Amino acid sequence: TGGGGVAGAGADSDGEDAMRSFDFGNDGLGDPGDCTVVDLAVSPEKIDLLTDLARTFNDSDDARVDGGCVFIRPQSKSSGLGAQLLAEGWDESVEGPRPVVWSPASAAWGAILDQRLTEQGEAPIAGEGTPFMLTPLVIAMPEPMAEALGYPEEPVGWADVLELASSRQGWGAFGHPEWGPFRLGKTNPNFSTSGLSALIAQSYAATGKTDGLTSEDLADQAVIDFATGVESAVVHYGDTTLTFLNNLYRADQRGNSLTYASAVAVEEKSVIDYNRGNPDGVLQPGEEPRPPRVPLVAIYPEEGTLYSDNPFFVLDAEWVDDVEREGAERFGDFVQEPGNQERVLEFGFRPGN
């Protein structure tokens with residue numbers, strides 16, 4: 001999840017300058033020369049990793065296709081925005097080139113895209129996809145607050161979030177009135193994978209199910225009341241976790257992170273990045289990570305959780321030609337190689353295999 005789009009202002013309207021202003025990753029990949037460019041739209045939290053893998057691939061024999069070569073070029077695009085653009089129309093002068101490969105944070109977005117296209121009378125273009133790497137949804141909480149709840153010795157879940165959200169005493173019930181009420185941060189499920197996963201997870205928690213959620217379940221008054229109770233604690237509601245965690249990090253540097261937010265639903269990888277001092281998961285050139293004063297704890301909800309599987313969708317779209325498809329499939333095989341699956345660990349993910 002996170003921002004994509006034109007980097008910098010003043011781009012001309014003729015498209016060429018607008019394209020040049022678009023940010024393809026952090027470090028650049030050089031000039032593709034005469035190679036066929038295979039564009040990837042990937043969720044921002046993995047742009048550094050995929051740029052790194054693309055650089056290695058582009059210099060390898062795997063990039064030689066049909067007497068020529070392909071050049072893998074990732075661009076950052078939030079998952080929900082990618083789904084929206086692919087369903088409603090992708091303006092290349094603003095958003096960069098239409099992708100050959102789309103890699104949102106979760107396969108759920110592929111299902112959403114194909115459903116939207118089907119409802120519009122169009123053919124689906126995502127399909128199943130191939131998982132690249134995994135990261136579970138967690139409830140991130142400042143370490144002192146998690147310890148006040150007895151975690152990890154005592155299990156914590158969405159029901160505890162509801163209880164805290166409903167408590168008039170707030171953190172006073174746990175001996176810390178100075179922390180004030182329980183403050184929950186959430187992200188927009190229309191754009192953010194963690195926001196979408198949290199919405200699904202709390203719905204399952206309300207029903208006591210682990211699969212087979214139905215529209216009848218969602219219409220049950222007890223489930224509605226559970227959701228209303230959780231949402232009542234939301235005091236910070238951002239579009240994406242990257243924006244939210246940047247704000248939390250700034251609050252931490254001012255010494256007031258414990259009164260900014262009590263918990264936020266994010267992916268495990270985001271907690272790792274935050275605790276490394278890289279809250280948005282993307283290090284700009286010259287940026288030095290500085291660990292926060294108060295680290296976050298990743299709480300794995302006792303009711304269960306969802307995994308973001310970071311699929312590779314080689315799009316079955318009219319703008320994708322045979323050479324691009326071949327190059328995309330080769331890169332998909334490349335990232336599944338054991339050595340490259342081990343590399344995902346360095347970036348805070350779990351291997352997809």
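Colleague: Does Phe 244 count as buried or exposed, and at what relative accessibility?

Modeller: This is a predicted model, and in it Phe 244 has a relative accessibility of 3%, so Phe 244 counts as buried, given that the cut-off for buried is under 20%.

Colleague: Which ring is Phe 244 paired with, and how is the pair arranged?

Modeller: The structure holds 11 aromatic pairs. In the one formed by Phe 244 and Tyr 260, the ring centres lie 5.9 Å apart and the planes stand at 50°, so this pair is tilted.

Colleague: Which parts does that pair tie together?

Modeller: Phe 244 belongs to helix H11, residues 241-253, and Tyr 260 to helix H12, residues 257-260, so the pair links parts that are 16 residues apart in sequence.

Colleague: And Tyr 260, buried or exposed?

Modeller: Tyr 260 has a relative accessible area of 16%, and therefore Tyr 260 is buried.

Colleague: Staying with aromatics, which residues form the cluster?

Modeller: Phe 57, Phe 132, Phe 312, Phe 331 and Phe 334 form one aromatic cluster. Among them, Phe 57 of H2 and Phe 331 and Phe 334 of H14 also take part in the contact between those two helices.

Colleague: OK, how do H2 and H14 cross, then?

Modeller: Helix H2, residues 47-58, and helix H14, residues 322-335, have axes that come within 11 Å and cross at roughly 110°. That angle falls in the range of 65 to 115 degrees, which means that H2 is roughly perpendicular to H14. The crossing of H2 and H14 is right-handed.

Colleague: Which residues make that contact, and how do they divide by class?

Modeller: On the H2 side the contact is made by Leu 50, Leu 53, Ala 54, Thr 56 and Phe 57, and on the H14 side by Gly 327, Arg 330, Phe 331, Phe 334 and Val 335. By class, the contact of H2 with H14 has 7 nonpolar, 2 polar and 1 charged residues.

Colleague: Switching to H8 and H10, at what angle do they pack, and how far apart are their axes?

Modeller: Helix H8, residues 193-207, packs with helix H10, residues 221-231, at an angle of about 130°, and the axes of the two are 9 Å apart. H8 and H10 are therefore oblique to each other, and H8 passes H10 in a right-handed crossing.

Colleague: Which residues are in contact there?

Modeller: From H8 the contact uses Gln 202, Ala 205, Ala 206 and Thr 207, while H10 brings Val 223, Phe 226, Ala 227, Val 230 and Glu 231. The residues of this contact of H8 with H10 divide into 6 nonpolar, 2 polar and 1 charged.

Colleague: What is the relative accessible area of Ala 227?

Modeller: Ala 227, in helix H10, has a relative accessible area of 26%, so Ala 227 is partly exposed. Ala 227 and Ala 317 are 90 residues apart in sequence and 38 Å apart in space, C-alpha to C-alpha.

Colleague: Where is Glu 318 placed, and how far is Glu 318 from Ile 125 in space?

Modeller: Glu 318 sits in the loop between strand S12 (311-314) and H14, and with a relative accessible area of 65% Glu 318 is exposed. Glu 318 and Ile 125 are 193 residues apart in sequence, and their C-alpha atoms are 9.3 Å apart in space.

Colleague: Last one: what does Ser 270 touch, leaving out residues up to four places away in sequence?

Modeller: With those left out, Ser 270 touches Thr 241 and Leu 245. Ser 270 is found in helix H13, residues 268-275, and at 7% relative accessibility Ser 270 counts as buried.

Technical notes
Residues are numbered from 1 along each chain as its sequence is written. This is a predicted model: local features need pLDDT of at least 70, side-chain atom pairs count only at pLDDT 80 or more; totals for chains, interfaces and linings use all residues. Side-chain values use heavy atoms; hydrogens and water are left out. Axes are lines fitted to C-alpha atoms, for helices over the stretch in contact, and angles run from 0 to 180 degrees between N-to-C directions. Helices (H or I, at least four residues) and strands (E, at least two) are DSSP runs, numbered from the N terminus. Angles under 35 degrees count as roughly parallel, over 145 as roughly antiparallel, 65 to 115 as roughly perpendicular and the rest as oblique. A crossing is left-handed if the near helix is turned anticlockwise from the far one by less than a right angle, and right-handed if clockwise. Contact means heavy atoms within 4.5 Å. Ala, Val, Leu, Ile, Met, Phe, Trp, Tyr, Cys and Pro count as nonpolar, Asp, Glu, Lys and Arg as charged, and the others, Gly among them, as polar. Rings of Phe, Tyr and Trp (its six-membered ring) pair if their centres lie within 6.5 Å; planes under 30 degrees apart count as stacked, over 60 as edge-to-face and the rest as tilted. Buried means under 20% relative accessible area, exposed over 50%, partly exposed in between (1.4 Å probe, protein chains only).
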